[in-house]
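Please look through the model below before reading these notes.

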Amino acid sequence: MISAAVLALAGAVVLPEMSEAHRKWIDEEVVYIITDKEKEVFLSLQTVEERERFIEAFWVRRDPNPATPSNELKEEHYRRIEHSNRFLGRDTFRPGWRTDRGRYYILLGEPKITQRFSGSNDIVDSELWFYQGGSDKGLPGAFYLLFFQRDGVGELELYHPVGDGPQQLFRSASVVLPDTNNLAAVELLEELSPDLAHASLSYDAGQPPDLFTGRASLGTDSVLARIEESPKRAIRTDYLDAWLRYGNRVAADYSFNFVPNRSAFGVLVGPERTAIVHYGIELDPENFGLASDEEKTKFYTTLDVTVEARNAGGTLVFANERSDFVELSSSQVQAIERFPVAYHDTFPLVPGRYTVSIILRNRVLKRYTVAEAEILVPDFSRSGAALTEPILGYRTEQLFNVGSESEMRAFQLGSLRLEPSADGYFAIGDTIFAFTQAIGTPSEAQVHFELLLGDEVLDRQQAPARESGAALAELATLGAVGGNYLVRARLLRADGTVLAESSAPAILSPRSVVARPNFVYRRGFNAGVPGLLPLVLGDQWSMLQKSDLAGAEYEKAVAAANQKLPQARWKLAYHYLSQNRTAEALELLASLEEAFPSQYEVVAGLGIAYSQAGDDARAVSYLERALTLRPPSTRMLNALGESQERLGDLEKAKGFYQRSLDLDPDQPAVRERLARLVSK
């Protein structure tokens with residue numbers, strides 16, 4: 001959504017102050033080549049730094065050869081502006097870039113052929129430019145532009161075959177023509193120059209002019225429109241959509257450096273029937289940059305990854321950030337330089353519907369990408385027989401020495417790994433590897449797979465459920481046509497009874513091959529770390545305000561006795577405090593005090609616990625120390641108020657209650673308590 005400042009450019013809203021350099025850039029330097037959306041966003045920016053980052057990204061998007069240190073297009077653009085200002089504004093008081101010739105010179109560059117007609121007694125001073133275009137720029141194969149001195153005075157203006165007509169090219173005092181007869185004018189022009197006669201009727205050099213009637217072509221407007229759009233034709237503005245949505249979630253130096261990606265998501269079942277979300281992000285090689293050492297033997301970057309999952313109400317249920325240092329040898333770089341690069345990882349998620357966002361940032365290029373998906377996480381712990389939604393891949397691999405089941409990596413079950421096809425794309429002739437997981441299945445059950453185009457079955461396979469319930473089929477696409485397909489998996493008893501069913505879309509492209517990653521950086525949530533999985537699940541239930549479920553998971557995490565996860569104990573302690581199980585909370589927090597004397601959660605938790613226990617002097621001591629460690633929560637301020645009130649210091653109590661209400665005014669019980677103290 002564009003800001004209000006952009007939507008009210010006419011003056012109803014005052015635009016942010018802009019430096020002279022930035023105003024010149026938008027109003028003069030790039031006025032002919034910037035897209036409407038880019039201009040709207042630039043005008044909405046609030047800071048100098050944002051505008052500078054935008055300008056950098058603007059030129060990067062247009063760099064024809066990012067491998068070279070210079071930006072050839074940018075250099076050529078400013079050369080054209082300089083040429084226009086030096087040579088094309090001489091016959092006017094306006095700067096050259098604002099003239100018609102300046103405009104089209106900046107858009108198109110030097111004409112292949114220039115013909116000048118001046119000093120003639122018959123026609124006005126004119127200049128005919130001839131260009132060879134190209135479909136890659138959306139231009140005709142060859143075309144003209146004609147500029148003329150209207151009425152024989154002033155600067156050279158762009159001529160229009162329909163709006164002006166051939167007669168306007170003649171000096172009225174020297175040539176007498178029929179009032180409405182273009183044909184006579186064209187015949188005279190053809191004697192002077194066939195190209196000039198052609199351009200007087202049509203700018204499209206590939207379209208023969210109507211020399212029989214002298215009728216001007218109506219296609220000139222189309223040619224001019226294609227010229228105006230040519231520098232904007234191949235410019236993707238998805239980086240602006242990304243900035244509008246995610247600009248506040250990445251550092252300023254990443255702001256406008258969004259790059260597109262392809263992604264794959266799937267949900268499989270891990271330990272204790274916990275749902276594990278698997279995801280993969282693919283980047284084209286030009287969007288994945290690496291730095292190198294001086295000898296060019298090692299290439300590296302750091303990838304910063306942010307994962308968020310929000311439910312339908314917008315609650316942030318899961319958030320995680322990690323950094324991965326990636327290092328490749330020169331031979332590895334050569335092997336992947338023409339192929340996509342992929343990043344795969346997993347994370348656990350409690351049942352529900354979520355919008356999952358993955359923000360991946362590359363520190364070397366200062367570029368980022370975002371993959372999003374709507375994910376349904378079933379409650380596998382309560383279901384009987386079930387099938388996960390099929391994950392579609394282009395290759396499988398049988399692994400050895402895979403370790404424990406809890407250490408599985410992305411898109412892996414047991415010893416079977418699938419390479420997922422990003423966005424479900426396949427070329428005709430590819431094999432679609434369909435991968436699902438059966439849960440709670442009878443021993444005789446089989447998984448039946450079908451590749452469907454509408455009601456037509458193109459291929460079908462059946463497979464038993466392997467280790468960890470994995471079932472795999474290889475579906476053939478040879479002889480198929482391009483289009484949108486469906487892969488359906490059904491879990492059937494031996495008698496044909498359908499126990500469960502799921503499906504996933506697939507896209508068959510008519511292209512001969514789909515580029516696949518030659519390098520995959522793989523991660524995975526390690527549920528083998530004692531207490532880690534229940535700790536993460538407890539946090540998610542807590543965010544969903546499912547206190548009982550959160551507490552049960554925290555108890556599992558603490559029971560794992562992992563000294564490297566002390567937060568499990570203080571989170572369980574806070575849960576106990578909310579349940580008025582004060583003695584149990586104190587026991588947990590006291591066990592942490594010696595090792596974590598300055599940990600806010602421990603110090604504040606002890607203060608709240610002592611306040612609930614009625615030990616107010618000790619409570620105040622801990623809570624006031626917690627105030628020096630971190631800005632307080634309403635819970636902590638209310639505990640301080642209650643303890644100070646019981647200790648008889650009513651002024652301090654009122655102060656803490658008021659601070660709590662300043663943080664959250666919607667606390668009627670606290671407001672009533674403060675009012676009672678004020679009235680005393």
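The numbered points below describe a predicted model.

1. Aromatic pairs. The structure contains 24 aromatic pairs. One of them joins Y32 and W97, whose ring centres are 6.3 Å apart. Their planes meet at 55°, so this pair is tilted; a pair has to be over 60 degrees to count as edge-to-face.

2. Where that pair sits. Y32 belongs to the loop between α2 (20-29) and α3 (36-44), and W97 to the loop between α5 (72-87) and α6 (100-108).

3. Buried means under 20% relative accessible area. Y32 is at 9% and therefore counts as buried. W97, at 12%, is buried as well.

4. An aromatic cluster and a charge. W25, F42, F54, F58, W59, Y78, W243 and F256 make up one aromatic cluster. The ring of F58 also has the charged end of R62 over it, 3.6 Å from the ring centre. Elsewhere, R516 lies over the face of F426, 5.5 Å from the centre of that ring.

5. The largest nonpolar core. This core has 80 residues, and those touching the most other members are F265, Y279, F347, L349, Y354, V356 and I358. Helix α16 (residues 600-613) supplies the largest share, 8 residues. Leaving aside residues up to four places away in sequence, L349 touches A275, V277, A309, F318, Y354, V377 and Q540.

6. The second core. A separate core holds 68 residues, among them I123, L156, A216 and L240. In soluble globular proteins, nonpolar side chains tend to be buried together.

Terms used. Residues are numbered from 1 along each chain as its sequence is written. This is a predicted model: local features need pLDDT of at least 70, side-chain atom pairs count only at pLDDT 80 or more; totals for chains, interfaces and linings use all residues. Side-chain values use heavy atoms; hydrogens and water are left out. Rings of Phe, Tyr and Trp (its six-membered ring) pair if their centres lie within 6.5 Å; planes under 30 degrees apart count as stacked, over 60 as edge-to-face and the rest as tilted. Helices (H or I, at least four residues) and strands (E, at least two) are DSSP runs, numbered from the N terminus. Buried means under 20% relative accessible area, exposed over 50%, partly exposed in between (1.4 Å probe, protein chains only). A charge sits over a ring if NZ of Lys or CZ of Arg is within 6 Å of the ring centre and within 35 degrees of the ring normal. A nonpolar core is a set of buried Ala, Val, Leu, Ile, Met, Phe, Trp, Tyr and Cys residues joined through side-chain atoms within 4.5 Å. Contact means heavy atoms within 4.5 Å.
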